[in-house]
Amino acid sequence: MDYSVIDKYIDRLISETSPDRPVWNIENIKHGKPAGWNYIDGCMMTSLYAIYLQTGNKKYLDFVDGFVDYYVFEDGSIRGYELETYNVDNINEGRVLFDLYRETGKPKYKKAIELLYSQIKSQPRTASGNFWHKKIYPEQVWLDGLYMAQVFYTRYEAEFNGGANFGDIVGQFRSVYENMYDKQKRLYYHGWDSSKASFWCDKNGLSKSFWLRSVGWYTVGLIDAIGYMTDAVQRNELISIFSETVGGLEQYVDSDKHMLWQVIDQGGREGNYLETSGSAMIAYAMMKGARLGVVDKRFAAVGKAVFDGICKEYLTCTDGKLNLGGICLMAGLGPESNRRRDGTYEYYISEPVVENDAKGTGPFVMAYTEIKQL
């Protein structure tokens, strides 16, 4: 495939975006939400900064700086961010603040980092030590939360705190492996309610299905944390978990289309579909893991095949413009007032499938940065 078309696709997304109305945030546009700090934009900022590092083209850095600058005020407060919600999703966009602080020296970026770290320090926890996913989801751990919070946490510890809390970070990944991993299927359940009180959980507190994007977030969280972890012993434990995780996922890559299914272990079942965002995350994690030497080099080829599968299946051209389809718009568990989100197979295949949403385009661009390093 001619990968250069992806550069044009990225440039189109940038050209059509302003900080107060990012074209890739389909969820906000759909619900008429005002611009505010969120993990969806964070995915794109992280991937666009990675493109800048690879190409040296300052237009990408300038775009990311201009975008984030709009959200971060001089005192370090953040537009649309409320610490009191204790939502781990809102930590994710903070990853790029480390890069922008180093690149620009703007004091407000360091202040914003400290604000987000104050959430890390006070985030409610389960008895196992895991962060609650949100204040409105007491005692619940969702796989995506490990990506949202732990990568920022790892980076803060490595750069500003001498790794003092690396053990806490590894412990949270370990707890997920011990409590949410099905060793027969070699897959992780989307959610775990340690109180076993939620309507969506079984007697062990686990949700009912293996949702691709949640597993993708967790797997990316592992490899990105490994990339920042500087303590060899703690890093090796993460590597062991990561190796088991991608080894299990490999068997679920579709042998024909080379992607993974929305409900991972139900390939070919009526209503199920090959899903872009989670497939891109797995592709990225596999290629990065191989590049860092923490898993066998063959995973680079597996990851590349998944990426190429996405391009073949869902990268289309309409009226001269590229579009990336096959992206599940959203999915979650509960709350009590929304019992439709019950973690069943039927629920996961019922959510809207869209084009160009950053939950898919962000990981797709992340995976593209690994393609460029093969």
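In the largest nonpolar core, which has 134 residues, M45, V68 and F307 touch the most other members. A nonpolar core is a set of buried Ala, Val, Leu, Ile, Met, Phe, Trp, Tyr and Cys residues joined through side-chain atoms within 4.5 Å. The model is predicted: local features need pLDDT of at least 70 and side-chain atom pairs count only at pLDDT 80 or more, while totals for chains, interfaces and linings use all residues. Residues are numbered from 1 along each chain as its sequence is written, and side-chain values use heavy atoms, with hydrogens and water left out.

**Core and buried positions**

- Residues up to four places away in sequence aside, V68 touches W37, M45, E93, V96, L97, L100 and Y109; contact means heavy atoms within 4.5 Å.
- I310 belongs to helix α12 (residues 298-314); helices (H or I, at least four residues) and strands (E, at least two) are DSSP runs, numbered from the N terminus.
- The relative accessible area of I310 is 0%, so this residue is buried; buried means under 20% relative accessible area, exposed over 50%, and partly exposed in between (1.4 Å probe, protein chains only).
- Beyond four places in sequence, the contacts of I310 are M259, T276, S279, A280, L315, L324 and F364.

**A polar pair in a loop**

- S198 sits in the loop between β4 (191-193) and α9 (212-228) and is buried at 14% relative accessibility.
- The S198 side chain makes a polar contact with the side chain of Q140 at 3.1 Å; such a contact is a pair of N or O atoms within 3.5 Å, where within protein one must be able to donate a hydrogen and the other to accept it, and residues adjacent in sequence count only if both atoms are side-chain atoms.

**Salt bridges**

- The whole structure contains 28 salt bridges, each being a side-chain nitrogen of Lys or Arg within 4 Å of a carboxyl oxygen of Asp or Glu.
- K106 pairs with D65 in a salt bridge, with the closest N and O atoms 3.1 Å apart.
- Because K106 lies in the loop between α5 (95-104) and α6 (107-122) and D65 in helix α4 (residues 58-71), this pair ties together parts 41 residues apart in sequence.
- K106 is partly exposed at 23% relative accessible area, whereas D65 is buried at 15%.
- E346 and R269 form a salt bridge, their closest N and O atoms being 3.4 Å apart.
- E346 lies in helix α13 (residues 345-348) and R269 in the loop between α10 (232-250) and α11 (276-292), so the pair ties together parts 77 residues apart in sequence.
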